[in-house]
Amino acid sequence: MKPLRGLYIRTYGCQMNVYDSDRMRDILAPLGYASVDAPELADLVVLNTCHIREKATEKVFSELGRLRKHKEASGERMRIVVAGCVAQAEGEEIMARQPAVDLVVGPQAYHRLPEMLARLSRKTGDRLEVDFDVVQKFDQLPAHRHVNGPSAFLSVQEGCDKFCTFCVVPYTRGAEHSRGTDAITAEARELVRAGAREVVLIGQNVNAWRGAAPAGSGDDTWGFGRLIRHISKIGGVDRLRYSTSHPRDMDDELIDAHAGVEALAPFLHLPVQSGSDRVLAAMNRKHTAKEYLEIIRQTRTARPDIAITSDFIVGFPGETEADFEATLQLVRDVRFSQAYAFKYSARPGTPAAGMPSQVDEVTKDRRLATLLALLRQQAFEFNSATVGKVLPVLFETRSGRDGLARGYSPYQQVVHAEIDPDMLGTMVDVEITSAGQASLQGRARLGAAHDRELDGVIE
Ligand code: SF4
């Protein structure tokens, strides 16, 4: 049955966009919008865009071309909204080039969608909103949260002040902003009430979080390690993770949390991008390879079994064979459980786009293939080392191989296993029986529900 009003949101890019799309659903639900599975069934279509990769903008325009046909077929009743980072960076151009677009909202302005839609129906008001009003946004987001499974994102920090020379995020998401502890705690409780067992604290630079301490705590601000300790005490939060971090914001308080907070998953995603100090300096990462290795050493001392993942860019302007070899050496030194590697692609408006000695595509392809081969080998070794172990796995869906359930281990490994259907959405102890490069297979331990002992719980 077609709901009152159909809503179709297409989400590109990072966890922040996934979170924002969820929040747009929460904002639009009171207006009678409910999700539909295909744009042609929708009264309102939102493209929540990403500006990170090359041709990001062209992809949006080709998608808009397809949507315009659906809109014509709907007798122009369908509304089309472009949101996210391409909206922020190219809003004017989108409005000029694609008249089928009704509204354009930036990542810090989507809380205004209800009033913009109301104005649209009265044919008044702005159709382009790209203010960086993050405080207002969070203050105006509805308290109610819905969750799409047992693991839920919670945005605690937005924006970035790092200005890496290859990145558009500081220009599309604005300056770093940290939400207050009380607002974060309230939303975490809401997520647990809605069925989440794992809370993932997210931000462009989540470990740069420095936010208002709880009212009445006698403190002004807290650091991220302290926030993690606080959130881990909420009843029902069985597992806590965070992403994405910057090496420069890894401090003792956060590293200690990996030693002392039971609910904190032994998992750290810490992008390094390159192993060459010369390239790191040209990227404006403001740390050296040696400093990165020292952070990894300290974190492994705090939590020896921790899984470390990262991001890499190959072919950054000026990158020599020696620079690339330094990246391979850093990978050999760290031994990552998983990592993501990309070819450098020039982003309009970023300093690196204008740098000399751009690397040719053939060289980029060769370096990417070499790096990925090493990373895959390391992922297989990490996974193989867990065979025979019993791990608490949070099962999310039944879309695994051969109808098996699919879930995540504490090390963020994908695990497939046979479980009782009503154990979906819960943490189950699984004995790992085999490993591949990208996932594990296991056997659920009978009566294996895994509940965490809770003391000092925040009700
Ligand atoms: S830290 Fe660098 S790469 Fe990450 S979002 Fe900020 S500018 Fe971009």
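Predicted model: local features only at pLDDT ≥ 70, side-chain atom pairs only at ≥ 80, totals over all residues.

Biologist: Okay, which domains does the assignment give for the chain?

Modeller: Domain 1 covers 5-134, domain 2 covers 136-384 and domain 3 covers 390-449.

Biologist: How far apart are the C-alpha centres of domain 1 and domain 2?

Modeller: Those two centres lie 27 Å apart. In the contact, 28 residues come from domain 1 and 33 residues from domain 2.

Biologist: And how much area is buried between domain 1 and domain 2?

Modeller: About 2800 Å², with carbon and sulfur atoms giving 56% of that.

Biologist: Switching to charges, how many salt bridges does the rule find across that interface?

Modeller: For domain 1 and domain 2, the rule finds 2 salt bridges.

Biologist: What does Arg 173 form a salt bridge with?

Modeller: Its partner is Asp 20, and the closest N and O atoms are 3.0 Å apart.

Biologist: How many residue pairs are in polar contact between domain 1 and domain 2?

Modeller: The count is 11 residue pairs, with both residues at pLDDT 80 or more.

Biologist: Which elements give two or more residues to the side of domain 1 that touches domain 2?

Modeller: Those are α1 (15-28) and α3 (85-97). The largest share comes from α1, with 11 residues.

Biologist: What's that side like by class?

Modeller: The side of domain 1 that touches domain 2 has 12 nonpolar, 6 polar and 10 charged residues.

Terms used
Residues numbered from 1 in each chain as written. Heavy atoms only, no water. Domains from an automatic or database assignment. Contact = heavy atoms within 4.5 Å. Buried area = accessible area lost by both parts, 1.4 Å probe. Salt bridge = Lys/Arg side-chain N within 4 Å of Asp/Glu carboxyl O. Polar contact = N/O pair within 3.5 Å; in protein donor to acceptor, adjacent residues only side chain to side chain. Helix = DSSP H or I, 4+ residues; strand = E, 2+ residues; numbered from the N terminus. Nonpolar A, V, L, I, M, F, W, Y, C, P; charged D, E, K, R; others polar.
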